[in-house]
Amino acid sequence: MNKIHIIGLGLLGGSFGLGARRKFPELKVTGQDISSDNLRDAQTLGIITEAKEQADEDTDIVILATPADSLGDLLVQTLDQIGPETLVIDLGSTKSKLCQKVTNHPKRKQYLAGHPIAGTEYSGPKLHLLICWTESNDPLRNGENRSSLKGKSLSTF
């Protein structure tokens, strides 16, 4: 894997990008977000290596990390644009409408309906620390609550 593209650089997309960059430092991570603040923060924090509107033809994985109600049209548009070897994964919480929408799409086999199994009432790439920890240093398992984590950096853990 050499390249991923993330659409939606808030909490989930930002966390995915940061985790990918930490696991694979040489990985090129491009991304876009409707929020200029999120896009700027993702670049400043090193979550993405480059801001791009859409994935390159040779991108390995495209992550769709936008609100669930925006994913249907975005999924179809993304499948229409990707290369023949690219996998698209969404991080939305609901699947039935998405899967129905692309049932007959010629690139349906390139779509994996994912689930974040995470989330919070907070948003934005600066809060990646809330879901980007390993089980061994999970502060929630040690009795802390989410509100006590706000404003702490990942290095705190």
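**Exercise 1. Identify the residue whose side chain makes a polar contact with the side chain of His-5, and place His-5 in the fold.**

Solution.
1. The side chains of His-5 and Thr-30 are joined by a polar contact of 2.6 Å. A polar contact is a pair of N or O atoms within 3.5 Å; within protein, one must be able to donate a hydrogen and the other to accept it, and residues adjacent in sequence count only if both atoms are side-chain atoms.
2. The model is predicted: local features need pLDDT of at least 70, side-chain atom pairs pLDDT 80 or more, while totals for chains, interfaces and linings use all residues. Residues are numbered from 1 along each chain as its sequence is written, and side-chain values use heavy atoms, without hydrogens and water.
3. His-5 sits in strand 1. Helices (H or I, at least four residues) and strands (E, at least two) are DSSP runs, numbered from the N terminus.
4. His-5 has a relative accessible area of 0%, so His-5 is buried (under 20%; exposed is over 50%, partly exposed in between; 1.4 Å probe, protein chains only).

**Exercise 2. Determine which side of helix 3 is buried, and what packs there.**

Solution.
1. List the buried residues of helix 3: Leu-71, Gly-72, Leu-74, Leu-75, Thr-78 and Leu-79.
2. They cover an arc of only 165° around the axis, so they lie on the same side of helix 3. The arc is taken from the directions from the helix axis to the C-beta atoms.
3. Recall the geometry: an α-helix has 3.6 residues a turn, so residues three or four places apart point the same way.
4. The buried residues pack against strand 1 (3-7), strand 4 (61-64), strand 5 (87-90), helix 4 (96-101) and strand 6 (111-113). Contact means heavy atoms within 4.5 Å.
5. Take Thr-78: its relative accessible area is 4%. A polar atom of its side chain lies 2.7 Å from the backbone oxygen of Leu-74.
6. Beyond four places in sequence, Thr-78 touches Ile-7, Val-62, Leu-64 and Val-88.

**Exercise 3. Describe the lining of the largest cavity.**

Solution.
1. Define it: on a 1 Å grid over the protein atoms alone, a cavity is a set of points where a 1.4 Å probe fits but cannot get out; lining residues have an atom within 4 Å of a point.
2. The lining is His-5, Ile-7, Gln-54, Ala-55, Val-62, Thr-78, Gln-81 and Ile-82.
3. Strand 1 and helix 3 are the elements that give two or more residues to this lining.

Key. On a 1 Å grid over the protein atoms alone, a cavity is a set of points where a 1.4 Å probe fits but cannot get out, and a pocket is an open set with protein on both sides within 12 Å along at least five of seven lines; lining residues have an atom within 4 Å of a point.
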